[in-house]
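Hi there,

Here is the structure I promised to pass on to you. Have a look at it first, and then read on for what turned up in it.

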Amino acid sequence: MPEAGNFVESRRAGERSRDAAGKGRRAPTVYHIPVCPFSQRLEILLVLKGCGDLVDFHVVDITRPRPNWLLEKTQGTTALPVLETEDGAIIKESMVILRYLEDRFPEPAVAQRDPYRRAVEGMMAAMEGDFCAWGYQYVLNQDPAKREDFRRGMLERYARLDEFLTRHNPEGTFLFERFGMAETVFTPFFMRFWFLEYYEGFDLPREEGYYRVRRWREACLAHPVAQQVTREQIVKVYYDYAKGAGNGALLPGRERSSFVFDPDWTSRPWPPSDKYEHDATDRELGLVP
Ligand SMILES: N[C@@H](CCC(=O)N[C@@H](CS)C(=O)NCC(=O)O)C(=O)O
């Protein structure tokens with residue numbers, strides 16, 4: 001398997017933009033928001049394929065209005081990532097971009113090639129939208145009376161994954177033999193859902209019905225191809241989601257979003273976890289001096 005090191009390293013070195021190598025060359029360009037799970041899918045796929053250097057990454061600040069040059073490319077839509085091909089064509093939606101990259105850089109294959117296995121992988125991927133959406137609604141919730149419903153709904157969704165894995169690969173760790181497309185799709189959300197542990201005290205029970213999905217989740221989280229973000233980074237950057245504001249929106253009484261690049265998350269303190277009792281200020285979050 002190709003090493004993750006080079007790609008992750010170059011992402012860190014050129015955090016704001018990783019397209020310096022693109023000067024004078026034509027390569028597909030991904031416009032993305034750092035720490036975005038949908039973009040992390042693409043990064044993981046490229047690491048698995050060992051071809052991170054064949055695609056340029058251009059960072060966009062979610063806390064600012066999208067620049068006009070980007071809106072022109074996307075014809076007005078703001079969701080990222082988008083991929084621009086060498087010919088200037090635009091591809092939207094992370095699942096579609098994954099498929100495109102798999103077809104563009106077929107070796108080594110990450111998606112299953114056997115039609116039945118491909119279908120199994122597809123059925124699992126079809127569960128991602130509902131899984132992600134529920135986790136995000138859960139963290140955004142501000143009503144303590146609804147916490148239990150959200151917790152149960154999250155458990156139901158993990159239980160469905162558990163059933164699926166148990167049916168198709170009961171003794172294994174991943175869906176198939178190794179970290180593949182299903183893992184590329186779900187791992188960024190297992191990572192984002194660190195915010196549920198921290199702000200909601202959510203975790204999987206150690207009981208029948210969750211052992212298989214726990215084994216999968218742990219192996220996904222620990223895998224070297226998926227180390228683009230850390231738990232500390234997620235917890236700090238997503239504080240505003242825990243307080244009900246998504247996508248870089250500003251909360252009342254605040255002047256800075258927890259998604260700002262400056263000050264960098266590494267220099268900020270861990271946020272308070274008692275989201276239902278306390279509204280942290282910019283100062284408490286380390287967003288102003
Ligand atoms: N279904 C899309 C979702 C992309 C998405 O929601 N991206 C977020 C960043 S994590 C975004 O761009 N939010 C800002 C916006 O929609 O304007 C995909 O899979 O690519």
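This is a predicted model: local features need pLDDT of at least 70, side-chain atom pairs count only at pLDDT 80 or more; totals for chains, interfaces and linings use all residues.

Now find helix α7 (residues 147-168) and helix α10 (residues 211-222). Their axes come within 7 Å and cross at roughly 90°. That angle falls inside the range above, so α7 and α10 are roughly perpendicular to each other.

Which residues meet where these helices touch? From α7 there are Y158, L161, D162, L165 and T166, and from α10 there are Y211, R212, V213, W216 and R217. Sorted by class, this contact has six nonpolar, one polar and three charged residues.

Now zoom out to the chain. Its secondary structure comes to twelve helices and four strands. The radius of gyration is 19 Å, close to the 19 Å that the globule rule gives for 289 residues, so the chain is as compact as a globular protein of that length. Along its principal axes, the C-alpha trace spans about 55 × 50 × 35 Å.

Last, a word on contacts along the sequence. Taking those between residues at least 6 apart in sequence, 75% join residues at least 24 apart.

Enjoy exploring it!

Best wishes

Note on methods. Residues are numbered from 1 along each chain as its sequence is written. Side-chain values use heavy atoms; hydrogens and water are left out. Axes are lines fitted to C-alpha atoms, for helices over the stretch in contact, and angles run from 0 to 180 degrees between N-to-C directions. Helices (H or I, at least four residues) and strands (E, at least two) are DSSP runs, numbered from the N terminus. Angles under 35 degrees count as roughly parallel, over 145 as roughly antiparallel, 65 to 115 as roughly perpendicular and the rest as oblique. Contact means heavy atoms within 4.5 Å. Ala, Val, Leu, Ile, Met, Phe, Trp, Tyr, Cys and Pro count as nonpolar, Asp, Glu, Lys and Arg as charged, and the others, Gly among them, as polar. The radius of gyration is taken over C-alpha atoms; the globule rule is 2.2 Å times the number of residues to the power 0.38.
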